[in-house]
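Here are my notes on the model you sent over. Have it open while you read, and we can go through the points one by one.

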Amino acid sequence: MLELNRVTGACKKYERLNLNMADQEIDVFKAHLLKYRKGDLVIKEGDYGVSIYKIVKGKVLIFTESGDVEIPITTLGAGEVIGEMLFLKKAVDRRSASARAVEDSEIEVMHPNMLSKEYDEMPTVIKYIANQALNRLVRMNKMMVQLTARKQKEREVTSADIWAKKRRFYRKKMEIGFSGRLIGSIARNLLSGYINDISLGGVGMEILNFKSDKNPFKAGDEFFIKTVLPNGKDLEFHAKLVSVKEGKLPGSPFFGMSFTELTDSARKDLGFFLMP
Amino acid sequence: MSVDEFIYAFVAKEERYQDNDQIIKEGASGDWVYLIIEGKVKVKKMTSKGLLTIDTLKDGDIFGEMILWQGSRSSRTAYVIADGPVNVGVLDTEALLREYEKLSPRLKDLMRSLIKRLTETTKKAVTLAVESE
């Protein structure tokens, strides 16, 4: 970690230095050779940066992040360049992907001003084609991040199903009153009725304060619920609406909910209550 | 026509395609680079679940340019299909390569890196799209 801080610190200092001196002494700039240990971050997605990196020795993984999922894109080796996108865009912008050394690596860092004369001499038609490739790359990156986000959502739904199954297996039949409210909403979005079954995964509740055709809630809504267990213990929890069915009373909805937040003491109380 | 003159200067000949005509076949060889003069095309990749559209290009856009950086004798990385009637210009590859050769070695590295990134990212996006079908 210390090593990582030292290296990224050095880079930041380097970039700052060059940004300030950029206009004056371009010729004296030499590419700096930086050493990275296996695991060190070279570029962090979302950071502002202008430098261009050329791998001299070692291997670097390019990856992007969607939520907390890391998507590896490609591994680069000696002679290959990182940070070319922002250079070709001619913009100070955020990095669109991260880069991490996957081996001990040596990387040459260049300030864009070192290349600006060469860029100015770049034939117009090649600039044009480079720009097109760049725009296409930006579109592909977006597509990839969107697809990953969608996949993640699907995974969340699947885990909700697992909770529903758990509830079916361990639930205990009962009939206790409860009151609840929608989290992050005004008091009008209230919920009251009877809890018909409960497990360590969630609850099934008969709703009495509105009819099925007036149900303002949908799957995914999260509630704060209060009740008193038959053994006299108060129980409070957060739960997410998983399914809506017809209740036993005509026209009344029946909510299947899975816990999203249950304190340790509430879990203990509930555990005792659920013991056979 | 929304095509810049300097790029139009590289057009060796023009070709017309009708809706759904195949202009480039994935996997085939060929070293032409194309410029869309008027109309639209779809870029598609063959996947285990059939053809997948990954991009739409319009007037002024270039396709088939990967061949420039990968060298001739490499194969096409995607299908390009006309989306409605389309008028394309076939660019003079020799002239383009002469321009490319003018680049400094460092900028050539940069271009190669950009194209590799584009190729790898496209592959990855296609894999994800197929998985999430």
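1. Which order do the strands take in the open sheet of four strands in chain A? The order is S1-S10-S4-S7, with antiparallel pairing. Helices (H or I, at least four residues) and strands (E, at least two) are DSSP runs, numbered from the N terminus, and two strands pair if DSSP finds at least two bridges between them. At the edges sit strand S1 (32-36) and strand S7 (81-82) of chain A, each pairing on one side only.

2. Before going further: this is a predicted model, where local features need pLDDT of at least 70 and side-chain atom pairs count only at pLDDT 80 or more, while totals for chains, interfaces and linings use all residues. Residues are numbered from 1 along each chain as its sequence is written, and chains are lettered from A and ligands numbered from 1 in the order in which they are written.

3. Back to that sheet. Strand S4 (residues 52-57) of chain A pairs with S7(A) in the antiparallel sense over two bridges. If you want a spot to look at, Tyr53(A) is opposite Ile82(A) in S7(A).

4. How far to trust chain A? Its mean pLDDT (the predictor's confidence in each residue, from 0 to 100) is 80, and 82% of its residues reach 70 or more. Within chain A, confidence is lowest in helix H1 (residues 2-21), with a mean of 45, and highest in strand S9 (residues 98-101), at 94. For residues 1-28 of chain A the pLDDT is below 50, and this stretch has 22 contacts in the model beyond near neighbours in sequence. Here, a contact means that the C-beta atoms of two residues, placed from the backbone, lie within 7 Å.

5. On chain A overall, I count from the model five helices and 16 strands. Of its 276 residues, 28% are buried (20 or more other C-beta atoms within 10 Å of a residue's own, with C-beta atoms placed from the backbone; exposed is 12 or fewer, and partly exposed is in between). Among contacts in chain A between residues at least 6 apart in sequence, 69% join residues at least 24 apart.

6. Now the interface: 31 residues of chain B touch 35 residues of chain A. On the chain B side, helix H1 (5-8), helix H3 (93-101) and helix H4 (105-131) each supply at least two residues. H4(B) gives the most, with 17 residues.

7. Asn20(B) lies in the loop between strand S1 (11-17) and strand S2 (22-24) of chain B. Asn20(B) is exposed, because 10 other C-beta atoms lie within 10 Å.
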